[in-house]
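Please open the structure in a viewer and keep the selection panel at hand.

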Amino acid sequence: MLYSDKVMDHFTNPRNVGKMDDADGVGEVGNAKCGDIMRIFIKVEDDIITDVKFNTFGCASAIATSSMATEMIKGKSIKEALELSNKAVVEALDGLPTNKIHCSVLAEEAVRAAVKDYYDRNGIEYGDELKSCPGHCESCESCAGH
Amino acid sequence: MYVYADNAATTAMSPAALAATIAAMQECYGNPSSLHSIGQEAAEKLEAARATMAAGINAQPREIYFTSGGSEADNQAIFSAALLGKKKGKMHIITTSIEHHAVLHTLKRLEKEGWEITLLPVDKDGMISAQQVADAIREDTCLVTIMFANNEIGTIQPVAEIGAICREKGVLFHCDAVQAAGHLPIDVEAMQIDMLSLAAHKFHGPKGVGLLYVRKGIILHNLIEGGAQERGKRAGTEYLPGIIGMAAAFQDCLEHMEESTAYVQKLRDKLIQGLSGIPHSILNGHPEKRLPGNVNMCFEGIEGESLLLWLDQNGIAASSGSACTSGSLDPSHVLLALGRPHEVAHGSLRLTLSEYNTEEEVDHIIATVPKVVEYLRGISPVWEKLEKGELPHVI
């Protein structure tokens, strides 16, 4: 089997799938041309991510990594969410095929993009590390310019 | 219910092919090159299989070279024609943008080594015209290699017309008939084909065996050196059970071709009809000139790998030309050649039927695909943008 049982579980039974009309932050990363777009919505109270939802256009691993990433940041502080690494997502899914690792990078970036949006909306200062795409997406043609 | 609808990838073996293969493994273990009676019995069976395959495409037995499959046959045909051309100072080859990688990657290698390759574009249905071929042929053209029918979208090319043009201009014509063999009539004489590749496992034969037809007088270049098997052009002890199984499968297909085609085509048309109601979907490939079992569609706003894995969960084996399933970053080169944008090509689904599929199975597919497409669109940010008008619908 191409995917682990965990990946198939999160693909066929994704957690936190849906939209949020009153989100405090929304992050969207990826590119339809490349076949992956992830959008993550977060609800924040007292610096804690109290709710999170996602929408994803992409392959099974894109859906599974979105699902796992949302599960891993739900109920956590913003700081903890920003520490979420793609490696941690991959490990939590019991691994991904090598050519699917970029999906986990996309999930990490979607979380960061949602936090950045939350900071922007609330006039909260943040460092350079959130200002631009971290440039992990060399696998994505349209981002090759980074 | 589990529906196998990926017959362009490979097929289940027919009872006739299976019985013949097993019998050969059990009873005919001799080496056809051996002079004793066990070996000679194997040699007789090998030649009988060669005669069956030759007759099935209207060739002579001595024009048939057994190979490990379609890819090897394509490689050997192309390298042979390229080297023959080089001797005469002709190093130009014509092909199409939708060939199988066994052809395209072989040509890529030749291009690196100095040959010039012309990739003919196809029209919106994946068709090439004989006129395009005629216009592309030059003084230094040594080979035209064009597939009989496309493996992804099923489009059937005007092979006889292309053959006539090539013969008239004195250029070798190789035809990759891997998807057509056993499903469509092939006559290498009438169609003026100089070299033709086919693979047993696409017509209910065993995997790991195929053949290259080469018109008498064309000198083959060896890919594998060694013993004198296959008239010295393909070394290695013959895979006799596979070859016998291939001949049994082919014979079975030829005997039932008319009824199989009518039956499978009816299922195909019902399936196309049933899935065409999905909004913002489009059929890929020619509406009529297509393989009897091929259905290939794009659905906007979703990605093909998740579609096919959901179908697998629902008991349907299909395939997709999305980047995620092609093993590269780009979606199918065939869908891109038709002019489908990347984002649409990612949402492709190929369902390929055979005579072993039933109407109930097609009904199951028709009931399932729209539900899965709707679900995936429901969680797709791309679909949301399309629906809100933030992105224009392309199909």
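Begin by colouring chain B and chain A separately; between them an area of about 2100 Å² is buried, and carbon and sulfur atoms give 62% of that area. Please bear in mind that this is a predicted model.

**First stop: the interface**

Select the residues of each chain that touch the other chain. The contact draws 23 residues from chain B and 26 residues from chain A. Between chain B and chain A there are 4 salt bridges. For one example, display the side chains of Lys19(A) and Glu384(B), which meet in a salt bridge at 3.9 Å, N to O. Polar contacts between chain B and chain A link 10 residue pairs, with both residues at pLDDT 80 or more.

**Second stop: a helix pair in chain B**

Now select residues 37-56 and 240-275 of chain B, which are helix H2 and helix H8; the two pack at an angle of about 35°, and their axes lie 9 Å apart. The crossing of H2(B) past H8(B) is left-handed. Show side chains at the contact: H2(B) contributes residues including Ala42(B), Leu46(B), Ala49(B) and Met53(B), while H8(B) contributes, among them, Ile243(B), Ala247(B), Phe250(B) and Leu254(B). By class, this contact of H2(B) with H8(B) has 11 nonpolar, 3 polar and 1 charged residues.

Over all chains, the structure holds 30 salt bridges. Select Lys74(A) and Asp51(A), which form one of them, with the closest N and O atoms 3.7 Å apart. What does this pair tie together? Lys74(A) lies in the loop between helix H2 (60-73) and helix H3 (78-82) of chain A, and Asp51(A) lies in strand E3 (residues 48-57) of chain A, so the pair ties together parts that are 23 residues apart in sequence.

Key. Residues are numbered from 1 along each chain as its sequence is written. Chains are lettered from A and ligands numbered from 1 in the order in which they are written. This is a predicted model: local features need pLDDT of at least 70, side-chain atom pairs count only at pLDDT 80 or more; totals for chains, interfaces and linings use all residues. Side-chain values use heavy atoms; hydrogens and water are left out. Axes are lines fitted to C-alpha atoms, for helices over the stretch in contact, and angles run from 0 to 180 degrees between N-to-C directions. Helices (H or I, at least four residues) and strands (E, at least two) are DSSP runs, numbered from the N terminus. A crossing is left-handed if the near helix is turned anticlockwise from the far one by less than a right angle, and right-handed if clockwise. Contact means heavy atoms within 4.5 Å. Ala, Val, Leu, Ile, Met, Phe, Trp, Tyr, Cys and Pro count as nonpolar, Asp, Glu, Lys and Arg as charged, and the others, Gly among them, as polar. Buried area is the accessible area (1.4 Å probe) that two parts lose on being put together, summed over both. A polar contact is a pair of N or O atoms within 3.5 Å; within protein, one must be able to donate a hydrogen and the other to accept it, and residues adjacent in sequence count only if both atoms are side-chain atoms.
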